[in-house]
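I opened this model to go through its chain contact, its helices and its strands. My notes are below the view.

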Amino acid sequence: MREQICEQCGNKYGLNDLVSVFDSTLCQSCGEKRLKDAEQDQITDQSVFSLSDPTICARCGADGGNQEFEFFVEMPICENCRDAMVNYRYPAWIKGFFAGILIITICSIAWNFRFFQARILMEQAIRIGFVQGNVDTATKKMSKAANLVPGAHGLQVLSHYLEGVQAIRDDDSQTALNHFQKCNELPESYQVEQYMLIAEFGVAFDNKEYQRFLELSIKYRDSFPDDPIPEAQIASAYACLYAEEKKQECKEKAMEHLQIAEEKATPDDQKRFEEYRERILYRLETRRILNSEEYYKETGKVLPEETQ
Amino acid sequence: MIPGFIIAWLTFPGIIVHETAHLFFCQLFGLAILDVSYFRPVMRGPSGYVIHEPTDRFGPTFFIACGPFLVNSLFCFLICFSIFLPIRFFGVDHWLFWPIGWLGLSIGMHAFPSNQDAYNLWGHAKKQMSSGNILAVLVFPIVFLVYIGNLLSMLWADLFYAVFIGLVLPELMTKWIFN
C-alpha cells in the first residue's frame, strides 16, 4: 500500500484515502474544508478528484505491497477480481431462481396444453357438426375435447348436446334425453327444448305410452307448424293408438293429420315425407307397431340414410 | 400512491429477471461485469442494477439496454398464455393459476428499460448518428417511448403493459389462431 502526507494537516494516509483539491493532496476532512471556501464554479472533475492507489485492488481491497495491479476499466484490479469480472459466474440462488421460472413456465405450458388441444378439437367439432352436418365425427371430437378438460363445464355441455343429437340419430331416445337434460343452459338457437321433445316422445314410443307420445307430438308440431314431419308424427301417434286401442276414430285422426302433412310438404320434403307416410300407412293397415328398424326388416325395403 | 419499494417487493421476480437479462446480454457480448444487484428494495434509487465494462459498440449497448424488454415480455407472455385459455375460454379455476398469473404479470411489469438504460442508449445513438450509422436513428423513438413509459409508470403504465402482454395479446392471438 502506498501512503502520502496530507499537505494541510501533515498526517500520513493511504493513497486511497486522499483527494486532490486544486492540485493539493489532502485528506478527506481537509479536502472538505478547502472545498467549503472555494467558489462553486471552480469545482470540476479535473480540479477535484480522489487519488487511487495502484497497489490496492479497487474491487476487493487486496494489498499488492509494492507491486502495482494492472488497470482494468480504469481501476487497479487484482488477477482474481479481473477473472471474476470477465468470467462472471451467476450465484447459485440465481441459477435456482431461473431454473424455477423455467420449470414453472414449461410445466404450466405442458399442463395446460390440453386446453389448447381441446379448443382445437372443439372448433373442429363445431365446424364439422354445425356447418358440415357430420354429427358423428363432431360428437367424437367434442367428446375427446371434453375428456381432455373435464373441469370445463361449457365444453361438457356442448359434448352432451352433440351426444344427444347423435343418440337421436341412433334411435336411442333414453340416452338422448339423458344428454339433453344436461344442456339447459345452452342458448335458444341450439333448440334444446325441441330436441328434448323429440327424445321424450321417442322414450314414450319405446315405453308404449302412446297417449303421451301423441301429446308430445302435438307440442312438437306447434314448434314447427310449417314442417310436414311433425304433423306426420301426430298421425304416427294416432296410428299407434289405433293399433293398440282399435278405435276407428284414431284411424280417422291419423289419416286427417297425414293429409295435412301432405299439404305442408314441399318438393324438397317429398322424399323423407313419403318414406314416413308409408310406415304410418303400414301401421294403420297391419295394426302392428314397429320401430323403423323392425319395419325395414319386415318389409325388406332399404333403410334410408335419415329416418324419423 | 403506493411507494416504489412496496411495488418492488410485490413484483420482485420481475426485477430479478430484468437484471439477469441485462447480465445475460453483457455476457453474450463479452463485457466484464463490475457489480450486480439483482434485487434491493430501497426507498430511493433503482431496485437493482448491473454495472458493466463500457463499450463503444452500438449493438451490445442496444441489446444490453433493451434485453430486459425482450426477455421479460417473452416470459410474461409465455407464463400468462399458459393459463389464459383455461381461465378465459373454459372458465376453469385452479388455485395454482393465481401464483402463476402473479409471476407472469410481475415479470411483465419490469419489462420496460429504466431511464438509465434509455440514457445509455441515447448517448450511444447520438455518437453513432454522428459517425454515420443510420440505423441508430431508430433508437430515438425507442428512447422517447422508454422515457414516456417510465414517466407514466406513476399512472401504472408498467402494469398496463404487463396486462397487455399477459392478457390482451393472448386474447388477440387465440382469436387469430381459431378464427
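**Ground rules.** I am reading a predicted model, where local features need pLDDT of at least 70, side-chain atom pairs count only at pLDDT 80 or more, and totals for chains, interfaces and linings use all residues. Residues are numbered from 1 along each chain as its sequence is written, while chains are lettered from A and ligands numbered from 1 in the order in which they are written.

**Chain contact.** I counted as in contact two residues whose C-beta atoms, placed from the backbone, lie within 7 Å. Chain A gives 23 residues and chain B gives 23 residues. I took helices (H or I, at least four residues) and strands (E, at least two) as DSSP runs numbered from the N terminus. On the side of chain A that touches chain B, α2 (79–86), α3 (92–131) and α5 (153–169) each supply at least two residues. The largest share, 13 residues, comes from α3(A). By class I found 15 nonpolar, six polar and two charged residues on this side. Here Ala, Val, Leu, Ile, Met, Phe, Trp, Tyr, Cys and Pro count as nonpolar, Asp, Glu, Lys and Arg as charged, and the others, Gly among them, as polar.

**Helix pair.** I then fitted axes (lines through C-alpha atoms, for helices over the stretch in contact, with angles from 0 to 180 degrees between N-to-C directions). Those of α3(A) and α3 (residues 58–89) of chain B come within 9 Å and cross at roughly 35°. Residues making the contact include Ile109(A) and Phe116(A) from α3(A), and Leu78(B) and Phe89(B) from α3(B). The pair's contact has 11 nonpolar, four polar and one charged residues.

**Helix α2(B).** I call a residue buried if 20 or more other C-beta atoms lie within 10 Å of its own, all placed from the backbone. In α2(B), 13 of the 17 residues are buried, so it is largely enclosed by the rest of the structure. Just after this helix, Gly30(B) has a positive phi of about 70°.

**Strands of B.** I noted that β1 (residues 33–37) and β2 (residues 49–52) of chain B pair antiparallel over four bridges; pairing needs at least two DSSP bridges. Asp35(B) stands opposite Ile51(B).

Terms used: A residue is buried if 20 or more other C-beta atoms lie within 10 Å of its own, exposed if 12 or fewer, and partly exposed in between; C-beta atoms are placed from the backbone.
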